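I wanted to work through this one piece by piece and keep notes as I went. Here is what I looked up.

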Amino acid sequence: MDGLPDDEVCIGDRYRIGAALFEVTQPRVTCYRVGLRMGEPQMAALLVAHHRPGFYLRVIEEGEVEAGQAIIKVSTGPEAMTVEEIDRVLHLPGHTREQVERALRIPALSPGWQSSMQALLDQAEGGASSDSAGLSTAATAPPPAWPGFRPLTVTHIQPESRSVFSLHLAAADGSALPGQFLTVKVRPKGGVPPLIRSYSLSGEPGTGAYRISVKVEPHGAANNKLRAHIRVGDQLEAAAPRGTFYLTAGDNPVLLLSAGVGVTPVLAMLHALAREHSTRQVWWLHGARDGTEHPFAQESRELIATLPNARSTVYYSRPAADDRLGVDYAEGGRLSAEPIRRLGLPTDADAYLCGPASFMDSLTAALVADGLDASRVHTEIFGAGAALTPGIKGAATAPAPHRPAGPSTTHPTPSNPPPGATSSSAAQNPPQTSSSTCEPRRR
Ligand SMILES: Cc1cc2nc3c(=O)[nH]c(=O)nc-3n(C[C@H](O)[C@H](O)[C@H](O)COP(=O)(O)OP(=O)(O)OC[C@H]3O[C@@H](n4cnc5c(N)ncnc54)[C@H](O)[C@@H]3O)c2cc1C
């Protein structure tokens, strides 16, 4: 696209392109992956620092769109607040209350950004420093432990189920928050560009090693390569742990819900709770196909046994003949909305969900319908593989990044987007949960 600079385009502006009509909903959330992809770890920070976030459009009327068509502005957003201005309000000190109130009057502003603006307003009213209050979670997440990639040595390889195996990676100084993920480069042979994949840390944080657990599926490019070729003593290039899907402190109950390999980040949370001998109420709810596809069964049982207020319900959707009801699993069938309702889960809990998109959608809706505040439902999205290489897929060598002119300014790190201000919140009417992916989520 040519034109449409961020200091002219306003939230709520409507544009016609071909037969389709679009509306501007929020500034783009800059993903750390842009830096990994371009070989410039500072790229995401540069984009934020130079106030050129770009923006998301939602489709108001579907229609054919072709290259070469004019982009025709048909109306201006109600407060004429530019993308650049609202981005500054959230990311930089010095905004006024009037600016925040204007932003909140724009119906087109995505639910995530509405909540971040509301947080700014609430904290200003509560007398707290309001400078970047909407960034609370992001600002308190520590910056990545190292820039770009660095080699980590594989110290142990462990099968966990028929399709999942774990890699232990030495990282003496390595720290992470329970629930965060590592991003690694998997190098196919023959000068082909590396495959970049993220894996949630599944082990106990802060033990001098990282553990990632990889699910191998037919045709999965990176995971099959890892299983076939990686050996103890090999090195894997890894970017520092990242992510805003992590267990937060508190006394309230914790719901850990997972399906399949989605168990990995919530298992790290369970480790963290066990390590601190937490007295919080903990609900471990996991869905697997059967005993052969139930990684960490023993490990999770042992952790739960150390917690005084933990309980567990494991669901097997297709139990095998030798799977023992009441021992290996508690119920047949899927972990889904209906059995969740029967459990009578506490409504003051923080819920952490990871699994297939349909699992997270239906369980989020069920939890919210049962009274859990949507802001307490946290989800981690694995997928969006195709979007990992936006714009440069297939390029043998990535072009050198173009640095914007002018000096860099100080700014919050964009690697952990503000709560609610994730790409997924650009979707039209999802319950407003916090989701930690930086890829737009397709619905
Ligand atoms: C924050 C985050 C955390 C994650 N944590 C984990 C984790 O803990 N463990 C984990 O395993 N993954 C995790 N993932 C997903 C991981 O990054 C990979 O995307 C995933 O494991 C698949 O990688 P792959 O290269 O093997 O598959 P890809 O080659 O990327 O393929 C993706 C899927 O498409 C299917 N596919 C590909 N080609 C074909 C074909 N021709 N026909 C049919 N099907 C095909 C594959 O079977 C696979 O299921 C995470 C992702 C994110 C974003």
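**Two helices in contact**

I started with a helix pair: in H8, Leu267, Leu270, His271 and Ala274 meet Ser300, Leu303 and Thr306 of H9. I call two residues in contact if their C-beta atoms, placed from the backbone, lie within 7 Å. By class, this contact of H8 with H9 has four nonpolar, three polar and no charged residues. For the classes, Ala, Val, Leu, Ile, Met, Phe, Trp, Tyr, Cys and Pro count as nonpolar, Asp, Glu, Lys and Arg as charged, and the others, Gly among them, as polar.

This is a predicted model, and local features need pLDDT of at least 70, side-chain atom pairs count only at pLDDT 80 or more, and totals for chains, interfaces and linings use all residues. Residues are numbered from 1 along each chain as its sequence is written.

Next I checked the geometry. The axes of H8 (residues 263-275) and H9 (residues 297-306) come within 9 Å and cross at roughly 30°. Axes here are lines fitted to C-alpha atoms, for helices over the stretch in contact, with angles from 0 to 180 degrees between N-to-C directions. The crossing of H8 and H9 is left-handed, a label used if the near helix is turned anticlockwise from the far one by less than a right angle. Helices (H or I, at least four residues) and strands (E, at least two) are DSSP runs, numbered from the N terminus.

**The six-stranded sheet**

I then traced an open sheet of six strands, ordered E8-E7-E10-E5-E6-E9 with antiparallel pairing. Strands pair if DSSP finds at least two bridges between them.

I looked at E5 in some detail. Five bridges join E5 (residues 149-159) to E6 (residues 164-170), running antiparallel, and the two form a hairpin with four residues between them. Across this pair, histidine 156 stands opposite histidine 168, and proline 159 is opposite phenylalanine 165. E5 is also joined by five antiparallel bridges to E10 (residues 235-242), where proline 151 has glutamate 237 as its bridge partner.

**The four-stranded sheet**

A second open sheet I noted has four strands in the order E3-E2-E1-E4, again with antiparallel pairing. Its edge strands are E3 (55-61) and E4 (71-75), each pairing on one side only. E2 (residues 20-27) and E3 pair over six bridges in the antiparallel sense; one partner pair I found is phenylalanine 22 with valine 59 in E3.

**Around the ligand**

Last, I went to the ligand. How many residues surround the ligand? I get 22, the closest being His219, Gly220, Ala221, Ala222 and Asn223. A residue is near if its C-beta atom, placed from the backbone, lies within 6 Å. E8 (195-200), E9 (209-215) and H7 (221-229) each supply at least two residues of this shell, with the largest share, five residues, from E8. The shell divides into nine nonpolar, nine polar and four charged residues.
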